[in-house]
Protein chains: 2
Amino acid sequence: MTYDHKYLLDFTTGVFSRVGCNHDDAAAVAAVLVAAELRGHSSHGMIRVREYYELWKSGRVNVSPDVKVVHETPSTAVVDGDRCFGMVAGVRSMRLAIEKAAATGTGWVAARNSNHFGIAGYYAMMALEHDMVGIAVTNANPLVVPTFSVSRFLGTNPLAVAVPALEEPPFVADFATTPIARGKLAVSEKKGEKVALGYVNDADGNPSDDPGILRRGGGMVTLGGDHQHGSHKGYCMTAVIDIFSALFSGANFGPFVPPSVAYLPVPENQPGKGTGHFFGAMRIDAFRPANEFREAMDHWIRTFRSAKPAKKEQRVLIPGDPEREAEKRFRQEGIALVPAVVDDLKAIAAELGFEFGV
Amino acid sequence: MTYDHKYLLDFTTGVFSRVGCNHDDAAAVAAVLVAAELRGHSSHGMIRVREYYELWKSGRVNVSPDVKVVHETPSTAVVDGDRCFGMVAGVRSMRLAIEKAAATGTGWVAARNSNHFGIAGYYAMMALEHDMVGIAVTNANPLVVPTFSVSRFLGTNPLAVAVPALEEPPFVADFATTPIARGKLAVSEKKGEKVALGYVNDADGNPSDDPGILRRGGGMVTLGGDHQHGSHKGYCMTAVIDIFSALFSGANFGPFVPPSVAYLPVPENQPGKGTGHFFGAMRIDAFRPANEFREAMDHWIRTFRSAKPAKKEQRVLIPGDPEREAEKRFRQEGIALVPAVVDDLKAIAAELGFEFGV
């Protein structure tokens, strides 16, 4: 079945309003989940409604949080999310980063005591309409092993960077710092397929083609795959994102990050509060006249778009191209949901006294 | 032959003083080159003295530059290097970032009209003694192909991030955003060895094991290696560093970055000025009390150091560990230089009317 994105926005806002969020907070959760669907990242879309709902039922999410700034300087702040849904801390923090950038050139906000915040790109892109470059990162459930280790001490920690252009659409990079997203392993496992070597190791640290290996002590590898191919550089990247998300804010780092699903326990001896994020906004005219920057960015984008493809049928992509094309299509054609997700949404709606998809 | 690092500092300062740099600028060039040797990155050490000398002889470096701030806000600035050696713009820009961070919490400085600046880690580490996190990136000669392309449109653009701890030594990540550094290809080629697949492609975009393929139209790949293993994420990283280095400052981007060696021509139709860098400094107490941050960083480092190794003989490294161990050894034992480098240094000294290694 396909659904109009506006319907999914209304429905999802309805779910989170009914569990107790105020309208703005429910709408923020819905906006980020539906943006993921529109941008073609269904692994971060409506499939998460059930996870978030279960997390709330387990008592791990506070639907009437007192989200507040606990520390600040002219260009920085720390936001405590009070165990809110990640989108609530995310939108609040990114707005604050944008305000600070308007005043001092750049704004940098770390958030703690938060939860899974959806696609990082949503927050980075909030900066674009303000003539700013936006940055968003988060740490996440520990599933990833550092180079030379079998300990799952890192998340698939994504990085998003959005850069405005003039006539060209913006550059929007938004990627997990592992070779593939965890969701793709789950898809291969359901299909009974093996995966390519270079995504996961087994419990002894040997490369594995088993997409279910994470349930048998295996771990995902960092970008680069193995040491010979630079996995230590991927480890550095993922570690830097963990440090920016957790150490500036006082959230949990690495192995202590709470799982985004209710069926996995929260780690013991947590050194911080909840999940951590980090947001940045940089006014382009804090560096050079805004139009000059935008024109130069058009030049960058057109130059890279003109790069010679290796194969005739390939084309060199600008980060953000595939997502923008997906969004154009899905806004017109609607968003297709798989039956299992539709069933989940119907069951949740029934529990909350309304209906899905009628 | 091995040489005391202090001797190499004096000698290198002597070389660049004799070509016309003032003492501070010559000492800055020497400090960064010798720091690279001490940290075990000889590809960025004394071997570059000849490259820099030749670049000066070709007229591409201005040894009496008017380095100045051309744009600024409370938390940002743009520095024009006036075609200086990269270290001159680098040290000046990082100092300014640190000053701005002291005043407003964070400082962000983009530099243009510069040249090769050596190891990025040197600048990031300048922040540590100020209770700050330091960041440094630069773009570089185009040798790297975007995913799906055969066009060499990107450099091996490095990222360095330095984070202070309390009792533990600092976390210092400093890495090129490609699977290997270009220098390693040159070493394999000289030895007549093939390289592993996943470092370079041939001129048609097919994986190659030929370390000399760059001279036959080939290109280095981005971190991840191929699309299946996430090279598009490496492309995003490398592209973001290019944009931060060139677009904020008005330097040349991607394919237009001038080569760091005199025997390669400067690209035509350059849209900007020289090579670009980008520096950041973030006061840790702009986010939380400095000691609390430092203690948490000790906890982070000790946790990751305790990760279980995959093999008995392996150990999980904290970024910065190998370099610090190298530095301790080389400060005591001296720095070994290969005969070709020694010959270059002797020849340069003779041209400048002094001697090397007497």
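This is a predicted model: local features need pLDDT of at least 70, side-chain atom pairs count only at pLDDT 80 or more; totals for chains, interfaces and linings use all residues.

Biologist: Why is Glu292(B) called partly exposed?

Modeller: Glu292(B) has 15 C-beta neighbours inside 10 Å. A residue is buried at 20 or more and exposed at 12 or fewer, and partly exposed in between; Glu292(B) therefore counts as partly exposed. Glu292(B) lies in helix H8 of chain B, residues 290–305.

Biologist: How far is Glu292(B) from Leu128(B) in sequence and in space?

Modeller: In sequence they are 164 residues apart, and their C-alpha atoms are separated by 16 Å.

Biologist: What makes H2(A) roughly perpendicular to H4(A)?

Modeller: The axes of H2(A) and H4(A), the latter spanning residues 86–104, cross at roughly 95° and come within 8 Å. Angles of 65 to 115 degrees count as roughly perpendicular, and H2(A) is therefore described in that way relative to H4(A). H2(A) contributes Asp25(A), Ala28(A), Val29(A) and Val32(A) to the contact, while H4(A) contributes Met87(A), Val88(A) and Val91(A). By class, this contact has six nonpolar residues, one charged residue and no polar ones.

Biologist: Which residues of H3(A) are buried, and what covers them?

Modeller: In H3(A), residues 47–57, the buried ones are Ile47(A), Arg48(A), Val49(A), Tyr52(A), Tyr53(A), Leu55(A) and Trp56(A). Their cover includes helices H1 (5–18), H2 (23–38) and H10 (339–351) of chain A. Just after H3(A), Gly59(A) adopts a positive phi of about 85°.

Biologist: Which residues touch the most other members of the largest nonpolar core?

Modeller: That core has 246 residues, and those with the most contacts to other members are Val29, Ala124 and Ala160 of chain A, together with Val29, Ala124 and Ala160 of chain B. Beyond its neighbours within four places in sequence, Ala160(B) is in contact with several residues, including Ala120(B), Tyr123(B), Ala124(B) and Ile135(B).

Biologist: How do you know that chains A and B touch, and which element of chain A gives the most to that side?

Modeller: Contact requires C-beta atoms within 7 Å; 69 residues of chain A are in contact with 69 residues of chain B. Among the elements of chain A that each supply at least two residues are strand E4 (106–114), helix H7 (231–246) and helix H8 (290–305). H8(A) gives the most, with seven residues. The side of chain A that touches chain B comprises 39 nonpolar, 24 polar and six charged residues.

How values were computed. Residues are numbered from 1 along each chain as its sequence is written. Chains are lettered from A and ligands numbered from 1 in the order in which they are written. Two residues are in contact if their C-beta atoms, placed from the backbone, lie within 7 Å. Helices (H or I, at least four residues) and strands (E, at least two) are DSSP runs, numbered from the N terminus. Ala, Val, Leu, Ile, Met, Phe, Trp, Tyr, Cys and Pro count as nonpolar, Asp, Glu, Lys and Arg as charged, and the others, Gly among them, as polar. A nonpolar core is a set of buried Ala, Val, Leu, Ile, Met, Phe, Trp, Tyr and Cys residues joined through C-beta atoms within 7 Å. Axes are lines fitted to C-alpha atoms, for helices over the stretch in contact, and angles run from 0 to 180 degrees between N-to-C directions. Angles under 35 degrees count as roughly parallel, over 145 as roughly antiparallel, 65 to 115 as roughly perpendicular and the rest as oblique.
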